[in-house]
Amino acid sequence: MRLEQMEYLFERNGYCKVPSNLPEFTLYYREESQGAVVLHVIDYRQGMELSEEQYAHLKAKILEFMRTKSEQEVHLLSIILSSDTEKGKKLCACDSFCWMIDPDSDRLIIYEDQTGDFYGWRGILEAFLEEEDMAKRGQDGKDATGVKGRPWVTICLVAANVIIFLICTITGGMLYNIGMLDFPQMAEDRAYYQLITSMFLHADISHLFNNMIMLYFLGKIVEQKLGHVPYAVLYFLSGIAGDLVSIGYAMLQERELLSMGASGAVFGVEGAFLLLVILGWFRAGSIPVRRIIFAILFSLYCGFTSLRVDNAAHVGGILMGFALAAIFCMLYPAKNSDR
């Protein structure tokens with residue numbers, strides 16, 4: 001990450017740069033109704049180091065200088081650019097209005113005693129750093145977990161589901177008769193492949209659309225964090241777990257089971273996403289987390305209150321996805337959490 005990129009970010013949000021003879025220190029300010037908002041960027045990558053006393057003196061001078069430029073109250077936030085987080089933490093520890101950015105991993109570090117937000121800049125910086133991280137992965141080919149830039153598994157799964165649905169539309173019920181999960185016929189004919197094939201069949205366009213929208217938007221996040229192979233394993237095992245729970249529930253009710261759809265696998269991806277939210281494996285500022293969690297809970301609620309939805313598969317899928325994601329997180333610890 002270069003200072004020029006941050007400068008463009010500040011200017012794009014209406015902040016003016018204050019000329020300085022010291023390249024390690026840069027000021028940006030903007031007049032707001034609540035007062036003058038000042039962002040003070042300290043580039044620790046230049047080999048410079050400040051003591052706590054020097055840092056406090058510097059901030060006092062900045063406040064004094066900015067008060068001469070503005071008739072309003074001045075609100076100041078320091079942003080330290082440092083790959084040595086322990087070095088930067090010394091300054092953050094003495095100032096609650098001080099954040100740190102690790103330019104190597106493109107992550108924003110905000111400690112518990114720091115202000116949680118500053119005029120919306122937490123979300124802006126997290127979204128900016130997420131874009132930088134994605135761009136860097138696209139250039140390097142892989143990220144820290146070995147994931148290539150594009151979520152190829154998710155793209156291929158969505159494409160396969162769409163193509164198979166189009167084939168079913170043209171050929172009629174042939175693929176449905178072969179691939180639909182039909183228990184106990186599956187057990188009698190030992191057609192265990194139906195545990196997989198039923199995951200790629202959908203009853204109608206709305207069934208397909210709802211599953212694929214959720215798969216694409218959540219799947220690419222989970223795939224980029226877990227890796228291609230773990231993500232693919234999680235997807236298929238979640239789908240199979242959903243089918244098995246659905247079969248078990250049907251046996252308890254002593255009824256036949258005819259089921260199809262990617263819902264169990266998709267809910268497995270949702271379960272993995274929930275775990276990543278809990279662990280803080282991605283910068284939530286760039287993703288509407290509350291909306292997505294609400295969508296997941298709402299979809300479960302709709303399943304429980306609908307007669308035609310196989311909610312047992314949803315429950316089995318989401319539990320399996322959550323559990324597998326926990327296992328993969330232990331095997332491949334995150335290097336890009338928020339803190």
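This is a short tour of a predicted model, stop by stop.

**Before you start**

Residue numbers count from 1 along each chain as its sequence is written. Because the model is predicted, local features need pLDDT of at least 70 and side-chain atom pairs count only at pLDDT 80 or more, while totals for chains, interfaces and linings use all residues; side-chain values use heavy atoms, with hydrogens and water left out.

**Whole protein**

Show the cartoon. The protein has 13 helices and eight strands. Helices (H or I, at least four residues) and strands (E, at least two) are DSSP runs, numbered from the N terminus. Of the 339 residues, 48% are buried. Buried means under 20% relative accessible area, exposed over 50%, and partly exposed in between, with a 1.4 Å probe and protein chains only. Now consider contacts, meaning heavy atoms within 4.5 Å. Among those with a separation of 6 or more, 66% are between residues 24 or more positions apart.

**Select 152–171 and 205–226**

These are helices α5 and α9. They pack at an angle of about 170 degrees, and their axes lie 8 Å apart. The pair is therefore roughly antiparallel. Axes are lines fitted to C-alpha atoms, for helices over the stretch in contact, and angles run from 0 to 180 degrees between N-to-C directions. Angles under 35 degrees count as roughly parallel, over 145 as roughly antiparallel, 65 to 115 as roughly perpendicular and the rest as oblique.

Show side chains at the contact. From α5, pick residues including Trp152, Leu157 and Phe165. From α9, pick residues including Ile205, Met212 and Glu223. The contact residues of this pair split into eleven nonpolar, three polar and two charged. Here Ala, Val, Leu, Ile, Met, Phe, Trp, Tyr, Cys and Pro count as nonpolar, Asp, Glu, Lys and Arg as charged, and the others, Gly among them, as polar.

**Select Thr154**

Stay in α5, where Thr154 sits. Is Thr154 buried or exposed? Thr154 is buried, at 0% relative accessibility. Its side chain makes a polar contact of 2.9 Å with the side chain of Tyr231. A polar contact is a pair of N or O atoms within 3.5 Å; within protein, one must be able to donate a hydrogen and the other to accept it, and residues adjacent in sequence count only if both atoms are side-chain atoms. Leaving aside residues up to four places away in sequence, Thr154 also touches Leu215, Tyr216, Gly219, Lys220 and Glu223, among others.

**Select Lys87**

Move to helix α3, residues 85–92, which holds Lys87. Lys87 is buried, with 18% relative accessible area.

**Select Cys98 and Cys329**

Cys98 is buried at 0% relative accessibility. Cys329 is buried at 9%. The whole structure has zero disulfides (cysteine sulfur pairs within 2.5 Å).
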